[in-house]
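Okay, thanks for coming, everyone. I'd like to walk you through one structure today, starting with the whole chain and then going into a few spots. Here it is on the screen.

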Amino acid sequence: MQSNSLTKKFRRMFHASQRSSQPVPIHSSEPIGGSVDVAMTTIETSLAALKEASSLMAKIPYISPVAGLLLQVLTMRDEIKQNKEEWGVVMRKLGRVASLVVNVGESCQKYNLEENDLPPGLRSILRSLQNELNGIESLLKQSAEIGYIRKALLRKDLLRKVKQYDGELSNVLQTFQAELALDARFEQIAERRKGIPAGPSGPSNVITFIPQEPRSPQIFFGRDAELAEIVHMILTGIRGSRPARIAILGPGGYGKTTLVNAALTHPQVQEQFGGARYFVACESVFSSGALLVELAKTLGILDGGSDASWSHIHAALSSKDSIICLDNFESPWDQAGDMRDSVEELLSRVTALNSVTLLITMRGTMRPGQTLWTKPTLAPLKTLSQDAAREIWEEIEQNYDAAAEELIKAVDYVPLAVSLLAHLAQATSPALLLKEWNQNQTKFIQMGQTHRLSNLEYSIQLSIDSGRMRANPPAKDLLGILSMLPDGIHTEQLGRFEEILVDMDILSNLRTLQQCSLVHVIGERYQTHPIIRHFCNQQEVISSKYKDLLQDFYINLASSNSSEAQPKYHAEMVLEMNNTKAILFDLLRSNYGNNSKLVEAIITFTKFHGGIGDHSDKLISQTVETLQQRPSDTSVLIRCLQAWGRLYYYASDIENAKAKMQEMERLCSSSPYNNGSLHAEVLRDLSEVYKLEGALNEAEVSCQKALELHKIANSVLGQANDHSGLGDMYLRLS
């Protein structure tokens, strides 16, 4: 065989030779390839071996595409110009993967095995590897093709994807290491095909691993009701005919892992199961083969092959009553097609055992199929109460004050956000943290590590990058749209949005977002959570195409004259009032091209929302402030002040109404481009304010001035209104 010398080099890299007779402890943090120096040389060696062994690999369907992709990806390493250090780690791991692939190919040839002879676990990991390699190849091409400016803008996103593939490759390597004693296993397969019984598994097939017991959470507030419900379901299942199967669902950062650990360490659960309580971390598990390995590790057993592993796991779980938690189960489950089916099939094997009580935690609102979940099912977790959030803060740091209260309210009492903020408050005062929140929102809520439990944005990104979201890319566009709308989309407006977003399947995308817990139905509205909305707006998740469509719709809606609108459009204006206000705010802060159209829309909209009882003045005050900072038409500024003053008038805030109208009157008098009709309107409004104050003489003077200006402007309607106002005052003056 041509690659024999190279194979010897590869085999020296393994922690455990195929011929090793000693159990091997697994340490997932250690590199498979041994020393760093050896690892650095694997890329060139791997390329040479892959090329030399390409002929034998072409005969094995599962290995051939993987080997081809490895060749392509490793050959592209010289094209990397950015994130070189991170890519270097990925490439070295790919080199070690290549060595394992070559070894599998040689073993297949040695024993003349066919496609279906490969163990299911090995086939699964090869399919998983093929998907990862396709993604890495695509990312390398994207990184090489985009321009320098755009590459700089996308640097954070590209780096995140590189790190994601690094983690996934670590999982691939770990699972491959479980496929030890390949020669012995393939020899057994070959013998079985010939009808020769396989000998018993010796100690060389077993890897020892010390399982870690569940840990009781040190900080646990606000989930007592859910904990009591879970414990009740567990104990009821044990006493009945069928052990419990419980899925703890909800968005990322809502405390699912904390809750399940509290359940596993509850005194009654400890008494029932003793040491047979197992916590399986699935965060870095992306296939059924890897899940099998992780389960075997947690149980304290790990054999050389998937089939044998399941037999050992089955024996261990059948020997006594046990309770198992598969934490972050969305990682292996949220995959495409066959991979999800294989994970669900493995889960169904576990849940078929009457000796096993099973709990899983998952992001989202969907439970895996092929398992009968205990009824009634547990409702997805919601945010904490204010009191529970405060207790978490006070347990971590004793400086809870008004600023801290405003902070936990701003993040809507999400457990992860509250916990991270409290830890940050150990070094920074709540007042300064609140200032940072107002400037950066979610960006600063992290402890310096890229991990779901220490970085809020990373936790959110995991949900946005989930398999279900990747399978339906337009759902991310809709998430960006919803993030611009604080009130979301009302159910009555779904048809309207289908008209606006003509090429989007809104219902399908909403379903995906709900399944991933990125959108919830609150009342009759589909809404994103505030921290997700802040994150998406910062990351500009929405495309420019949909952003333009959305802005045009709300500008036109704000510009509508409510007094002339048909009833259905008036109802739409009421339903969309908060969303309209938010879009107009965003446009005001941006460099919107048609500034005069925007200001006119804001003036019209201010009249509308003041007329239906919403007297908030933030939008119009921001508009005035913006106009005062830019060169602008004085008459436009006066009309904004007029809308502002009338808003105060409708709210019966006479002092502020008078101040705004007096300011307008001074501007009208001093402006070289005095608009007589506008000046007259201002005086007429000022007259009404004086009238409410009981200053009838001032009201008469102001109204007389308005009448004179309306005469000069030849405004018949204006004169009629002024005469009406004067008549009313003369009646009051007897």
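This is a predicted model: local features need pLDDT of at least 70, side-chain atom pairs count only at pLDDT 80 or more; totals for chains, interfaces and linings use all residues.

So, the protein chain has 37 helices and seven strands. Residues are numbered from 1 along each chain as its sequence is written, and side-chain values use heavy atoms, with hydrogens and water left out.

How much of the chain is buried? Of the 734 residues, 52% are, with buried meaning under 20% relative accessible area, exposed over 50%, and partly exposed in between, using a 1.4 Å probe and protein chains only. As for contacts, meaning heavy atoms within 4.5 Å, take those between residues at least 6 apart in sequence: 75% of them join residues at least 24 apart.

Now two helix pairs. The axes of helix 28, residues 544-558, and helix 30, residues 577-589, come within 9 Å and cross at roughly 110 degrees. Axes here are lines fitted to C-alpha atoms, for helices over the stretch in contact, and angles run from 0 to 180 degrees between N-to-C directions. Who makes the contact? On helix 28 you've got Leu550, Gln551, Tyr554, Ile555, Leu557 and Ala558, and on helix 30, Asn579, Thr580, Ile583, Leu584 and Leu587. By class, that's eight nonpolar, three polar and no charged residues. Nonpolar covers Ala, Val, Leu, Ile, Met, Phe, Trp, Tyr, Cys and Pro; charged is Asp, Glu, Lys and Arg; the others, Gly among them, are polar.

Next pair: helix 31, residues 595-611, and helix 32, residues 618-629, have axes that come within 10 Å and cross at roughly 150 degrees. That makes helix 31 roughly antiparallel to helix 32. Helix 31 brings Asn595, Val599, Ile602, Phe605 and Thr606, and helix 32 brings Leu619, Ile620, Thr623 and Leu627. That contact has six nonpolar, three polar and no charged residues.

Last stop: Ser687, in helix 35, residues 676-693. Is Ser687 buried or exposed? Ser687 counts as buried, because its relative accessibility is 0%. Leaving out residues up to four places away in sequence, Ser687 touches Ala699, Ser702, Cys703 and Met729.

Technical notes. Helices (H or I, at least four residues) and strands (E, at least two) are DSSP runs, numbered from the N terminus. Angles under 35 degrees count as roughly parallel, over 145 as roughly antiparallel, 65 to 115 as roughly perpendicular and the rest as oblique.
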